[in-house]
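Biologist: Before we discuss individual labels, could the model be displayed, so that each term can be set against its definition?

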Amino acid sequence: PLRAVIFDLDGVIADTAVVHRSAWEKLAQEIDAPFDEVLAERMKGVDRRGSLEILLERAPRAYTEAEKDELGERKNRYYREQIGSFGPGNLLPGARHAVEATRNAGLRVGLASASRNAPLLLERLGIADLFDYIVDASTIERSKPDPEIFLAAAAGLGVAPAACLGVEDAAAGIASIRAAGMVAVGVGHREALGEADVVLPGLTAFRIGEFVEDQDRA
Ligand code: B16
Ligand code: MG
């Protein structure tokens, strides 16, 4: 039976996918790298350096490691400027309720965010205390779509991966959840979340009871 739900942060709980995107887009303009919808979708859920490598695939010149460090830091400054004014109003609709309903159903709640800004963001949103375990992104070696981050969340919760359900807004995240052997719930559009077991338009449509019952019947 289902024992834990592991949520992604950016684009699932916090309205920050657009903030990451606009910070990358600003950087892209500064270095004359093309930026489009397809690129933005591929970067979603991927860690900072991984996202930068995707952006640089079509940059007009090559960059040294030191230059890449600076570019990543610059993007992060643009991102931090925007979330500096964030508060509980920047939670996505249904997010707090979905997490609370999961807890109330007696399940453990984890967070698997690739973002090193996750602890700061959770504090600003006022929901840090709702999670039983939060993966420290700086300890993860392999970016989503690798399963490492979801497996680390399950281990931290003390729950077998097969008894976990993962919730994600990005294709890389859905692939990570599936590779971890968990049920994958996608939030957003089916086209961008092809491998998801279930796709919901947003967390307002998340009903923990449906998943608990499904699992118990199986
Ligand atoms: P940072 P998630 C991911 O968070 C974002 O989706 C992705 O756009 C970002 O590049 C990544 O975190 C790293 O974020 O630069 O703040 O460390 O979706 O896994 O919650
Ligand atoms: Mg995300």
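Modeller: A residue counts as buried if 20 or more other C-beta atoms lie within 10 Å of its own, as exposed if 12 or fewer do, and as partly exposed in between, with C-beta atoms placed from the backbone. This is a predicted model, in which local features need pLDDT of at least 70, side-chain atom pairs count only at pLDDT 80 or more, and totals for chains, interfaces and linings use all residues. Residues are numbered from 1 along each chain as its sequence is written, while chains are lettered from A and ligands numbered from 1 in the order in which they are written.

Biologist: Why is Leu39 called partly exposed?

Modeller: Leu39 has 19 C-beta neighbours inside 10 Å and therefore counts as partly exposed. Leu39 lies in helix H2; helices (H or I, at least four residues) and strands (E, at least two) are DSSP runs, numbered from the N terminus. Beyond its neighbours within four places in sequence, Leu39 is in contact with Ile54 and Leu55, where contact requires C-beta atoms, placed from the backbone, within 7 Å. The C-alpha atoms of Leu39 and Ile6 are 33 residues apart along the chain and separated by 26 Å.

Biologist: What makes Thr102 buried or exposed?

Modeller: Thr102 has 24 C-beta neighbours inside 10 Å, so this residue counts as buried. Its place is in helix H5, residues 95–104. Leaving aside neighbours within four places in sequence, Thr102 is in contact with Val5, Leu107, Val109 and Ile208.

Biologist: Which class of exposure does Asp32 have, and why?

Modeller: Asp32 counts as exposed because it has 9 C-beta neighbours inside 10 Å. The residue lies in the loop between H1 and helix H2 (37–43).

Biologist: Why are H1 and H4 described as oblique to each other?

Modeller: Two packed helices are described by the angle between their axes and the distance between the axes. The axes of H1 and helix H4 (residues 65–83) come within 9 Å and cross at roughly 135 degrees. Axes are lines fitted to C-alpha atoms, for helices over the stretch in contact, and angles run from 0 to 180 degrees between N-to-C directions. Angles under 35 degrees count as roughly parallel, over 145 as roughly antiparallel, 65 to 115 as roughly perpendicular and the rest as oblique. H1 and H4 are therefore oblique.

Biologist: Which residues of H1 and H4 meet?

Modeller: Val19, His20, Ala23, Trp24, Lys26 and Leu27 in H1 meet Leu71, Arg74, Lys75, Tyr78, Tyr79, Gln82 and Ile83 in H4. By class, this contact of H1 with H4 has 8 nonpolar, 2 polar and 3 charged residues; Ala, Val, Leu, Ile, Met, Phe, Trp, Tyr, Cys and Pro count as nonpolar, Asp, Glu, Lys and Arg as charged, and the others, Gly among them, as polar. Lys26 is found in H1 (residues 17–30), and its C-alpha atom is 8.1 Å from that of Lys75, 49 residues away in sequence. With 14 C-beta neighbours inside 10 Å, Lys26 is therefore partly exposed.

Biologist: What makes H3 and H4 roughly perpendicular to each other?

Modeller: H3 and H4 pack at an angle of about 110 degrees, with their axes 10 Å apart, and they are therefore roughly perpendicular. In this pair, Arg48, Arg49 and Leu52 of H3 meet Lys68, Leu71, Gly72 and Asn76 of H4. The contact of H3 with H4 has 2 nonpolar, 2 polar and 3 charged residues.

Biologist: Why does Tyr63 count as partly exposed?

Modeller: Tyr63 has 15 other C-beta atoms within 10 Å and so is partly exposed. Its place is in the loop between helix H3 (48–56) and H4. Apart from its neighbours within four places in sequence, Tyr63 is in contact with Leu56, Lys68 and Leu71.

Notes:
Contact = placed C-beta atoms within 7 Å.
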